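User: Hi, I'd like to go through a structure with you. Could you show it to me before I start asking things?
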Amino acid sequence: AETLIILQLSNFNLGVILERVTGRKWADLLRARILEPLGMKQTGYDDGTTVIAGRAEGYLQTLGGLRPADFLDMSLMYSAAGMYSTLDDLWRFDRALSERKLLSDSAYALMEGLQARTATGWYGYGWAVDRVFVGAGRDSLTSVSHVGGVPGFTAVNFRLPEDDAVILWYDNTGQVPPLSQEIVKLLYGVPVVPPRLSIARA
């Protein structure tokens, strides 16, 4: 938990640094440097005042069933979160990462390198870096992943760079089930243990 808090603070501070260095607002930089060049027309910074067409409602799972998530002014999350998107746009972003269109080779090496060890594994710059079992006589592959979330919403980007494979998913019930590695097993023909229902859904 401490490591995740530090990472979120570092993402927040990164937005402040970028604004100071460039003299431009974080949302404007995001749009000009990433979103527009990649054609991510359904992605943006949620400033808390703009009406976003098609915006999903966030829910929380309780013992009594689903209920709407509590209101959160997303602008407070700043560059640590506070974005909206679609799977199609997240796919465009992933393709740009995989095809090395966004950063220099040295920056990619830092992003996906082993920079800090946590209780659950290694982190690069903004990405968890691990090895995932795939079977098929190959033992394991490197995974580069990130899970983000706020009350009512979760987003996952789980990449296998060596095979140029990616698993992307959104959830609007605020849960983070361990689906990514189970989906990897399906992709590589490894037996899968069916997920168990939570107590709230049993």
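User: Which residues make up the largest nonpolar core?
Analyst: In this predicted model, the largest nonpolar core has 11 residues, namely Val132, Val134, Leu141, Val156, Phe158, Leu160, Ile167, Trp169, Val184, Tyr188 and Val190.
User: And which elements give two or more residues to this core?
Analyst: Those elements are S9 and strand S10, which covers residues 165-171, and S9 gives the most, with 3 residues.
User: What lies apart from this core?
Analyst: Another core, of 8 residues, lies apart from it, and its members include Trp26, Leu35, Tyr45 and Tyr78. In soluble globular proteins, nonpolar side chains tend to be buried together.
User: Changing topic, is Asp89 buried or exposed?
Analyst: Asp89, which lies in helix H3 (residues 87-98), counts as buried because its relative accessible area is 1%, and the cut-off for buried is under 20%.
User: What does Asp89 touch, then?
Analyst: Not counting residues up to four places away in sequence, Asp89 touches Gly39, Met40, Lys41, Gln42 and Thr43. With Thr43 there is also a polar contact of 2.7 Å that joins the two side chains.
User: Okay, and where is Pro151 found?
Analyst: Pro151 sits in the loop between strand S8 (140-150) and strand S9 (153-160), and Pro151 is partly exposed, with a relative accessible area of 46%.
User: Which residues is Pro151 in contact with, leaving aside its neighbours in sequence?
Analyst: Once neighbours within four places in sequence are left aside, Pro151 is in contact with Leu60, Ala69 and Leu72. Leu60 is 91 residues away from Pro151 along the chain, yet their C-alpha atoms are separated by 7.3 Å.

Notes:
Residues are numbered from 1 along each chain as its sequence is written. This is a predicted model: local features need pLDDT of at least 70, side-chain atom pairs count only at pLDDT 80 or more; totals for chains, interfaces and linings use all residues. Side-chain values use heavy atoms; hydrogens and water are left out. Helices (H or I, at least four residues) and strands (E, at least two) are DSSP runs, numbered from the N terminus. Buried means under 20% relative accessible area, exposed over 50%, partly exposed in between (1.4 Å probe, protein chains only). Contact means heavy atoms within 4.5 Å. A nonpolar core is a set of buried Ala, Val, Leu, Ile, Met, Phe, Trp, Tyr and Cys residues joined through side-chain atoms within 4.5 Å. A polar contact is a pair of N or O atoms within 3.5 Å; within protein, one must be able to donate a hydrogen and the other to accept it, and residues adjacent in sequence count only if both atoms are side-chain atoms.
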